[in-house]
Amino acid sequence: MEYVILAVVIAVIAIGAVAGLVVNGRRQKQLPPKSEAPVITRPAEPKAEPTAAPTAAPEAEPGEARVGEQAAPTVAEPAGTVEEVELPAAAEEAPALEVPEPTAGRLVRLRSRLSRSQNSLGKGLLTLLSRERLDEDTWEEIEETLLTADVGVAPTQELVDKLRTRVKVLGTRTPEELRGLLHEELVALIGADADRSLKTAKHEGGRPAVVLVVGVNGVGKTTTSGKLGRVLVADGRKVVLGAADTFRAAAADQLQTWGERVGAQTVRGPEGGDPASVAFDAVKEGIAEQADTVLIDTAGRLHTKTGLMDELGKVKRVVEKHGPVDEVLLVLDATTGQNGLVQARVFAEVVDITGIVLTKLDGTAKGGIVVAVQRELGVPVKLIGLGEGADDLAPFEPGAFVDALIGD
């Protein structure tokens, strides 16, 4: 029994010795990496000096916190350099403002666009009047030509009667005589003596002139407002734009873009906000900025919705708390012809229209609408649109208009 116990004790001692050797062997295997660590750290110590810090940072082991801490300030410096490079780009000067074309004689410069689309009126009349024999059939054709051009029944009859009388008196009808005759009668029909000036000058007390632009959707009203702003700037006015069309998406953005191109400030409100409030604030800002003119673009009012027309009247009443409105310009699409007269009648009942702006006149042969709308409202056409360009809105000049219709 004693021998057995002794054998067990010896076996336990042997197993412990073997286990100790194994553990010691494992520890010895782990010692080389630990002994190598100082070897890596020692050459890295000189790299911790300020002059060598930038190059030491990428080579150092993650455990070298001291070296990393010294390199941190030098890493931040390049970031500062990047900011300095970006600063000039952020502080770039705004692009130069556009200089609108002078409005004087602008219609003469645009006459080619008008003449191309109006040949059926002017040239057609000249062709008919040049016939050897002006019988009743010819005069009926002349009447039909005028009516097709939307001159209107009463003005057409008036013009035909005058032409008949003058042709009889003249006796001879050379091309030059007929052109001169037709020119005189058309200018008289349009009205050469009408006051077509825009009241956009600042009042004596310093209050800016206020111009309301009204019209139904689709006539190019906001675009016309932007072009009108250019017209006023070209005439030397300091302009503030009021984006009171708060119902149509992007209308305010569109008007603001027009203003920025010529340096005109735009006052706007939230989408769907109160148009009268925006109009009121625009005039208030115009007074504060000592502007010459405040130009207010109103929402496109459908003449079939009485509620919207009432709101337009509200806009005008609210603006007049600052003082009288100087101009109310009705924008009409010339391509709508006689339908535009229906719109004109309804607008005239809500606000006192002082002038007409005819757009898209270059794209229609219905130039007679100039005569018809003036007769209907008793107010003059003051501006006409003759293209898509920024400076294609021109003050209306009867003589130049007729010249474009019948040619030189």
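Modeller: Helices (H or I, at least four residues) and strands (E, at least two) are DSSP runs, numbered from the N terminus. The model under discussion is predicted.

Biologist: In which loop is arginine 207 found?
Modeller: The secondary structure of the protein comes to 16 helices and eight strands. Arginine 207 is found in the loop between H9 and E1.

Biologist: Does arginine 207 count as buried or exposed, and why?
Modeller: Leaving aside neighbours within four places in sequence, arginine 207 is in contact with Lys202, Ile287, His322, Gly323, Pro324 and Asp326. The limit for burial is under 20% relative accessible area. Because its relative accessibility is 15%, arginine 207 counts as buried.

Biologist: What distance separates the C-alpha atoms of arginine 207 and alanine 288?
Modeller: Along the chain, these two residues are 81 places apart. Their C-alpha atoms are separated by 9.2 Å.

Biologist: Which residue of E4 is the bridge partner of valine 213?
Modeller: Within E4, the partner of valine 213 is aspartate 297.

Biologist: Which are the edge strands of the open sheet of eight strands?
Modeller: The sheet has mixed pairing and the order E3-E2-E4-E1-E5-E6-E7-E8. From one strand to the next, the twist averages 25 degrees. Pairing on one side only marks the edge strands, E3 (265-268) and E8 (393-395).

Biologist: What angle does the direction of helix H11 make with that of E3?
Modeller: Helix H11 (residues 251-262) packs on the sheet, where it touches E2 (239-244), E3 and E4. Relative to E3, the direction of H11 makes an angle of about 165 degrees.

Biologist: Over the face of which residue does arginine 261 lie?
Modeller: A charge sits over a ring when CZ of Arg is within 6 Å of the ring centre and within 35 degrees of the ring normal. Arginine 261 is at 5.0 Å from the ring centre, over the face of tryptophan 258.

Methods
Residues are numbered from 1 along each chain as its sequence is written. This is a predicted model: local features need pLDDT of at least 70, side-chain atom pairs count only at pLDDT 80 or more; totals for chains, interfaces and linings use all residues. Side-chain values use heavy atoms; hydrogens and water are left out. Two strands pair if DSSP finds at least two bridges between them. Axes are lines fitted to C-alpha atoms, for helices over the stretch in contact, and angles run from 0 to 180 degrees between N-to-C directions. Contact means heavy atoms within 4.5 Å. Buried means under 20% relative accessible area, exposed over 50%, partly exposed in between (1.4 Å probe, protein chains only).
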